Amino acid sequence: QVQLVESGGGLVQAGGSLRLSCAASGRTFSTLAVGWFRQAPGKEREFVARISTSGSLTYVADSMEGRFTISRDNAKRTGYLQMNSLKPDDTAIYYCAAAGWGSLPTDYAYWGQGTQVTVSS
């Protein structure tokens, strides 16, 4: 079993930045690929980014490329999502996921509870 806990969300003005964290416990973190998704009210859960177990492979969704960066620190058992130049359309609950590799929610076995990100105009 893997437990994931996100943190770092909050209210930020458009153009601002936030860094989300995903702290893992249970199974060895370094063996888990990590993904980030988001879900806005009334919309489906949307892929944001993913990172391989070592961190050598990363992929960010096209609409967020250049603004969002995914990273991880295996020694700290934590994954990160750095979000810059935030827009009101980025407002959503952001979820961390693990033990998968893909762009669909069904690709991942474990999920955190989510952290709210609100971007004001």
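Predicted model: local features only at pLDDT ≥ 70, side-chain atom pairs only at ≥ 80, totals over all residues.
This tour moves through the structure in stops, each giving a selection and what is found there.

Residues are numbered from 1 along each chain as its sequence is written, and side-chain values use heavy atoms, with hydrogens and water left out.

**Stop 1: the open sheet**

Select the open sheet of four strands, whose order is β1-β3-β8-β7, with antiparallel pairing. The strands at its edges are β1 (2-7) and β7 (68-73); each has a single partner strand, so one side of each is left without a neighbour in the sheet. From one strand to the next, the twist averages 20 degrees. That angle is taken between N-to-C directions, on a scale from 0 to 180 degrees, with axes fitted as lines to C-alpha atoms. Strands here are DSSP runs (E, at least two residues), numbered from the N terminus, and two of them pair if DSSP finds at least two bridges between them. In general, the strands of a sheet pair through backbone hydrogen bonds.

Next, select β7 together with β8 (residues 78-83), which pair in the antiparallel sense over six bridges. Within this pair, Ile-70 has Leu-81 in β8 as its bridge partner.

The loop between β7 and β8 contains Arg-77. Arg-77 is not a glycine, yet its phi is positive, at about 55 degrees. Its relative accessibility is 26%, and Arg-77 therefore counts as partly exposed. The classes are buried, under 20% relative accessible area, exposed, over 50%, and partly exposed in between (1.4 Å probe, protein chains only).

**Stop 2: strand β11**

Select residues 115-120, which form strand β11 and include Thr-115. The covered face of β11 holds Thr-115, Val-117 and Val-119, and the uncovered face holds Gln-116, Thr-118 and Ser-120. Strand β2 (residues 10-13) pairs with β11 in the parallel sense over four bridges, and Gln-13 has Ser-120 as its bridge partner. Strand β9 (residues 92-100) pairs with β11 in the antiparallel sense over three bridges, with Ala-92 opposite Val-117.

Now centre on Thr-115, which is buried, with a relative accessible area of 10%. Its side chain reaches the backbone nitrogen of Gly-9 at 3.2 Å. Leaving aside neighbours within four places in sequence, Thr-115 is in contact (heavy atoms within 4.5 Å) with residues including Glu-6, Leu-20 and Tyr-94.

**Stop 3: the nonpolar core**

Which residues have the most contacts inside the largest nonpolar core? Select Leu-4, Trp-36, Val-48, Phe-68, Leu-81, Met-83 and Tyr-94, in a core of 34 residues. The largest share of this core, five residues, comes from β9. A nonpolar core is a set of buried Ala, Val, Leu, Ile, Met, Phe, Trp, Tyr and Cys residues joined through side-chain atoms within 4.5 Å.

Not counting residues up to four places away in sequence, Tyr-94 touches, among others, Val-48, Phe-68, Leu-81, Met-83 and Thr-115.

**Stop 4**

Select Cys-22 and Cys-96, which are joined by a disulfide (S to S 1.9 Å); the criterion is a pair of cysteine sulfur atoms within 2.5 Å. The link is left-handed, with -70 degrees about the S-S bond. Cys-22 lies in strand β3 (residues 18-26) and Cys-96 in β9, so the pair ties together parts that are 74 residues apart in sequence. Cys-22 is buried at 0% relative accessible area, and Cys-96 is buried at 0%.

Finally, select Ala-99, found in strand β9. Its phi is near 65 degrees, a positive value in a residue other than glycine. Ala-99 counts as partly exposed, at 24% relative accessibility.

How values were computed. Polar contact = N/O pair within 3.5 Å; in protein donor to acceptor, adjacent residues only side chain to side chain.
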